[in-house]
Amino acid sequence: MQKNYEYDAVVVGSGPNGLACAIQLQRSGLSVLLIEGSEQIGGGMRSKEFFPGYLSDVCSAIHPMAAGSPFFSQLPLTDYGLEYINPPVLAAHPFDNGTSASLKSSLYETANGLGIDKGDYLDLMQPIVENWPKLAEDILGPFKIPKELIASLQFGLSAMKSAKWLSNRFKTEEAKALFAGMAAHSFLPLDQLSTAAVGLVLMANGHLKGWPLPKGGSQAIANALLSYFESLGGKVQMGWMVRSYGEIPPAKAVIFDTGPKQLIEIAGDHLPSIYKKKASEVSLRPRRI
Ligand SMILES: Cc1cc2nc3c(=O)[nH]c(=O)nc-3n(C[C@H](O)[C@H](O)[C@H](O)COP(=O)(O)OP(=O)(O)OC[C@H]3O[C@@H](n4cnc5c(N)ncnc54)[C@H](O)[C@@H]3O)c2cc1C
């Protein structure tokens, strides 16, 4: 007997990943309901007026990955009010003696600021920056055999290392600190394998697309994504914190943009025990930078 579904897909959680997923499904011709627990859309892209007259980003603020994302780049977000501001200096790592090391849009300007590490910085970053248009889909997309095998292998040889190991190729404190600060965005111990990848991707995107901030705060990205989703016919329900699987309207697929702990609490009965065990380990693992 054919089951009656209210939606083709329900997406729980409206962070950047939930919104991207909802848009992709809706624009593929499916009917999608997006449920968000908070009264405000966007998850980590929310901005709020904590003090009258001052808009602050609640979580994320600077968006190299939104600007460099192959998926976001396909969306007409400027038509929905999204405008990026590009600062001349992308990021700076200050030192106690009053000096700093900085990441600039220009690969060469950044390298020039790193003294005797100029050559090493260029050797590391130039191939990644030049190959990025080929690499982006393989690195940022769902895990699969890379289309650009050679370029991906070249990137992987540096990216799979720990940030600590990779930064040891530099001789100056400036270059080491700049790279470590970038890799720290992984929220992982810097001696863990593959933490270098985060630093490399953020720096390469800085050299290609800058580290822009959205005019009006990160909320502007969330609002533009939501408006586009709704223009496609997508439905959204805010202020609905899903507590159990049974309360989710019948759908062919339910996608969770929540943490693994919330997913297990809500849908644990529908998940294989090996998956639940692995997901609980991820939730419990202590984070240290
Ligand atoms: C302090 C901090 C600063 C950061 N700064 C940056 C930055 O400057 N630039 C950058 O690119 N990234 C930054 N990040 C990372 C970025 O915020 C995350 O990568 C991003 O928000 C993850 O998106 P997501 O869609 O996976 O989940 P989230 O953004 O976490 O969204 C999940 C959503 O699901 C909702 N939800 C959860 N459970 C339920 C439920 N049961 N029912 C209904 N809704 C539910 C939540 O309310 C939330 O809206 C930062 C992260 C932190 C912690």
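A residue is called buried if 20 or more other C-beta atoms lie within 10 Å of its own, exposed if 12 or fewer do, and partly exposed in between, with C-beta atoms placed from the backbone. F187 counts as exposed because it has 10 C-beta neighbours inside 10 Å. The model is predicted, so local features need pLDDT of at least 70 and side-chain atom pairs count only at pLDDT 80 or more, while totals for chains, interfaces and linings use all residues. Residues are numbered from 1 along each chain as its sequence is written.

F187 sits in the loop between α8 and α9. The element names refer to DSSP runs numbered from the N terminus: helices are H or I runs of at least four residues, and strands are E runs of at least two. Most residues other than glycine have a negative phi, and most peptide bonds are trans. F187 is not a glycine, yet has a positive phi of about 60°. S194, also not a glycine, has a positive phi of about 75°. S194 too is found in the loop between α8 and α9, and counts as partly exposed because 15 other C-beta atoms lie within 10 Å.

The interior comes next. In soluble globular proteins, nonpolar side chains tend to be buried together. A nonpolar core here is a set of buried Ala, Val, Leu, Ile, Met, Phe, Trp, Tyr and Cys residues joined through C-beta atoms within 7 Å. The largest such core has 35 residues, and those touching the most other members are V10, V11, A22, V32, I221, L225 and F229. Two or more residues come from each of β1 (7–12), α1 (16–27), β2 (32–36), α2 (64–68), α10 (219–231), β10 (251–256) and α11 (260–267). The most come from α10, which gives eight residues. A second, separate core has 33 residues, among them A111, L114, A151 and M182.

The buried set includes I221, L225, Y228 and F229. Elements that cover these buried residues include α1, β2, β3 (47–51), α2, β8 (213–214) and β9 (235–238). Contact between two residues means that their C-beta atoms, placed from the backbone, lie within 7 Å. Neighbours within four places in sequence aside, F229 is in contact with L19, A22, I23, Q26, L34 and G234. The expected span of a helix is 1.5 Å times one less than its number of residues. For the 13 residues of α10 this gives 18 Å, which agrees with the 18 Å between its end C-alpha atoms. Just after α10, G233 takes a positive phi of about 100°.

A kink of about 75° lies at W132, shortly before the proline P133. The bend at a residue is the angle between axes fitted to the seven residues ending there and the seven starting there. The buried residues of α5 are Y121, L124, M125, I128, L135, A136 and I139. They pack against α2, α3 (70–74), α4 (107–112), α6 (149–159), α8 (173–183) and α9 (195–209).

A151 is buried because 20 other C-beta atoms lie within 10 Å. Apart from neighbours within four places in sequence, A151 is in contact with N131, K134 and L135. A151 and W132 are 19 residues apart in sequence and 8.8 Å apart in space, C-alpha to C-alpha.

The ligand is surrounded by 25 residues, the closest being G13, G15, G43, G44 and S60. The shell divides into ten nonpolar, 13 polar and two charged residues. In that division Ala, Val, Leu, Ile, Met, Phe, Trp, Tyr, Cys and Pro are nonpolar, Asp, Glu, Lys and Arg are charged, and the others, Gly among them, are polar.

Note on methods: A residue is near a molecule or strand if its C-beta atom, placed from the backbone, lies within 6 Å of it.
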